[in-house]
Amino acid sequence: MTSFNTDIQFLKGVGEKRAEILKSKGIDTVGALLRFYPRDYIDYSKTTPISECPFDQNVCIRARIVTDISEERKRPGMVLYRFTADDGQSLMEVVLFNQKFLASRLHRGSEYLFYGKLGGSFIMRSMSSPEITETGYNGIHPIYRASGSLTSKMIERLIRNALDSELPPDPIPESVRESNGLCDLRFATQNIHFPRSEESLERAKKRLVFEELFILQTGLLMLKSGRRAQSGAIIKRDCSEEFGNMLSFSLTGAQCRVIGECVKDMMSGRLMNRLIQGDVGSGKTAVAAALCYVTVKNGFQAAFMAPTEILAEQHFNTLCSMLGRSGINVSLLTGSLTKKQKNEIKAQATAGNTDIIVGTHALLTDDVAFDRLGLVVTDEQHRFGVAQRARLAGKGNNPHTLVMSATPIPRTLALIIYGDLDISIIDEYPKGRRNIETYVVNSSYHTRIYNYIKKFIAAGRQAYIVCPLVEENEELNMKSAADYYEELSAGVFKGYSLGLLHGKMPAKQKEAVMREFKDGKIDLLISTTVIEVGVDVPNAALMVIENAERFGLSQLHQLRGRVGRGEYQSCCILVSDYKSERLEVIRKNNDGFKIADEDLKLRGPGDFLGSRQHGLPDLKIADIYADSQVLRTAGIAAETLLNEDPSLSLPENSALKSSIDALYSKMIQN
């Protein structure tokens, strides 16, 4: 009998080749397969006449094939199979893409069940690549996310084989299950895949959503409790007011509040682990500078890590400017320095002669050591892994940790991603900062946009054009940065200084292009989203975003934040041929947190974050926004349980502790 931990290769029906496909999708054990939940369900007992089906909603239709199945080769690698089906009242055209095996099993005159979204017109409805099955099917059936040769039906067969496996001990203690009205693990696993009824499906989903969020939050609470118990470099004197008096500008109320929260942590005798969230331009670096100042004045050193050399240089220059009159020694350590320069800076840090060291990943090398490291600042945390942050902190005797993020994340989501940190939010802009004028236009405005760019350049300003792709893609019909650069350089902007920046370029080349733009040697930078988070170019006052509908709201806001960094009124033009309420949200709103909240509602947490954020657990079934009530309930249950058994040492909590250990070891590796 197989168990939850059995290698997927040894499950009946898998074998070596199919195991490779499954493992490439992250399904390496029988347990991982059973946690591969259906993306949807079909209730074959509920069919709808073609004439009554709404457009673009999943429906189940019972109909008979009334024509031969035609084969049409569109181009190499693309074959369409077409036929017409009749439900006795109306007709619909069915199109299958590259589904030769399925087409070969269908017969004219036979009746089938078709499940999918109905399109076409009221004259002739159509359905593309539906799920098609024999009419003998009854009840609720699962639909799995297919990929290549791994079809939904194939996954369904494998999961039926896996359901006989021995399950692990239930990670939710019986007392928690009873108090929250939850079914056991066996019932939930069976009915999430093959529900006996709609009620059974809801019971299974409720329990599995609760389980994910309960394990996650129990672990985060234990992690936070453990870190609070540690003492870092104890700060005895609050010098933040001295820092404020040195500046040529006044700190905002929000900056002062956040500095106060951090200093209070650092003086408490406990370790500070705090995330500062602030919108683009809200003044996070000034807060970090204040805490570095307080740390150094109390006899400790500070380390400040940024993801790129040019961003590290920017922070170095900012700190030197703010702390220049204080006598504090600031050094910069990056990969491009000579070996002699690096060795000298490292020697100064080890001897304690450098007060603050700013750097990139170069700070993580084994030969970087500190005399009395008291504070670690990490900028743009999502660009670093949990293990990297811990590695830098490990170079001191439990130094305080400050994490900064300019990516606005709704508080609900932030509590999950950064649940081991206390959160401070800078929700106020410095005085005099202007809103960025934002417009939404279609592609017919391009000539006017180009003239507008030329006016900005003539006035001495610089501009960005952002494209969603590096290279052209005919199917998607979108602007690509590389082709657009060639087109504009040889055409409407011939004679101007243009630059190209995209993620496929070597790191040194990207940094060189960005440095030229920052130094004013490039008038117009055509780029992909690599400029989303990065360097301040105060002279850049115009941004054009092509195919704006392809970006998330938060990403558009981050891109827009690259302009408006200086004294000039700035502008952002969103180009899209699709009418979208989403783009209107951006046009009307400059508050990154409100935009992020709307984005999370529209797209859910997975799509909201885009590429996987370091430290974010892989939630299989829970939706942080849609299941926010369950999130709260699971949090209360976690707190109650830990009050009774803080280390989960009781026998009835051992399965929960094992699940937490497995989850968090996986998170740290990512």
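Visitor: Which elements do the buried residues of helix 15 pack against?

Guide: In this predicted model, the buried residues of helix 15 pack against strand 17 (437-441), strand 18 (462-466), helix 16 (481-490), strand 20 (524-527), strand 21 (540-545) and strand 22 (571-575). The buried residues themselves are His446, Ile449, Tyr450, Ile453, Phe456 and Ile457. Seen down the axis of helix 15, these residues fall within an arc of 115°, so they line one face of the helix.

Visitor: Which exposed residues does the face of helix 15 turned away from its buried side carry?

Guide: That face carries Thr447, Arg448, Lys455 and Ala458, which are exposed.

Visitor: How many residues does helix 15 have, and what span does it reach?

Guide: Helix 15 (residues 446-458) has 13 residues, and the distance from its first C-alpha to its last is 18 Å, close to the 18 Å expected at 1.5 Å a residue. Helix 15 is followed by Gly460, whose phi is positive, near 95°.

Visitor: What kind of aromatic pair do Phe210 and Phe214 form, and what of Tyr452 and Phe456?

Guide: A pair of aromatic rings is described by the distance of the centres and the angle of the planes. By the rule applied here, the count comes to nine aromatic pairs. Among them, Phe210 and Phe214 form a stacked pair, with 5.6 Å centre to centre and 20° between the planes. Both of these residues lie in helix 7 (residues 198-229), four residues apart, about one turn of the helix. Phe210 counts as buried at 3% relative accessibility, and Phe214 counts as buried at 0%. Tyr452 and Phe456, by contrast, form an edge-to-face pair: the centres are 5.1 Å apart and the angle between the planes is 75°.

Visitor: Which residues do ring pairs link into a cluster?

Guide: The cluster linked by ring pairs consists of Phe83, Tyr112 and Phe114.

Visitor: How many salt bridges does a search of the whole structure find?

Guide: The general idea is that side chains of opposite charge can pair when their charged atoms come close. A search of the whole structure finds 24 salt bridges. One of them joins the side chains of Arg257 and Asp427, at 3.1 Å from N to O. This pair links distant parts of the chain: Arg257 belongs to helix 9, Asp427 to the loop between strand 16 (422-426) and strand 17, and the two are 170 residues apart. Arg257 is partly exposed, with a relative accessible area of 35%, while Asp427 counts as exposed at 58%.

Visitor: Where do Asp367 and Lys346 lie?

Guide: The side chains of Asp367 and Lys346 meet in a salt bridge of 2.8 Å, N to O. Asp367 lies in the loop between strand 13 (356-359) and strand 14 (373-379) and Lys346 in helix 12, so the pair ties together parts that are 21 residues apart in sequence. Helix 12 comprises residues 339-351.

Visitor: Is Lys346 buried or exposed?

Guide: Lys346 is buried because its relative accessible area is 12%, under the 20% cut-off. Leaving aside neighbours within four places in sequence, Lys346 is in contact with Leu333, Thr365, Asp367, Val368 and Ala369.

Visitor: How many residues apart are Arg587 and Glu584 in helix 19?

Guide: They are three residues apart in helix 19 (residues 581-588), and therefore separated by about one helical turn.

Visitor: Which residues are linked in a network of salt bridges?

Guide: The network links Arg35, Asp170, Arg177, Arg207 and Glu211.

Visitor: Where does Leu247 lie, and which residues does it touch?

Guide: Leu247 lies in the loop between helix 8 (240-246) and helix 9 (253-266). Not counting residues up to four places away in sequence, Leu247 touches Met322 and Arg325. The C-alpha atoms of Leu247 and Met322 are separated by 6.3 Å, although the two residues are 75 apart along the chain. Leu247 is buried, with a relative accessible area of 12%.

Technical notes:
Residues are numbered from 1 along each chain as its sequence is written. This is a predicted model: local features need pLDDT of at least 70, side-chain atom pairs count only at pLDDT 80 or more; totals for chains, interfaces and linings use all residues. Side-chain values use heavy atoms; hydrogens and water are left out. Buried means under 20% relative accessible area, exposed over 50%, partly exposed in between (1.4 Å probe, protein chains only). Contact means heavy atoms within 4.5 Å. The expected span of a helix is 1.5 Å times one less than its number of residues. The arc is that of the directions from the helix axis to the C-beta atoms. A salt bridge is a side-chain nitrogen of Lys or Arg within 4 Å of a carboxyl oxygen of Asp or Glu. Rings of Phe, Tyr and Trp (its six-membered ring) pair if their centres lie within 6.5 Å; planes under 30 degrees apart count as stacked, over 60 as edge-to-face and the rest as tilted.
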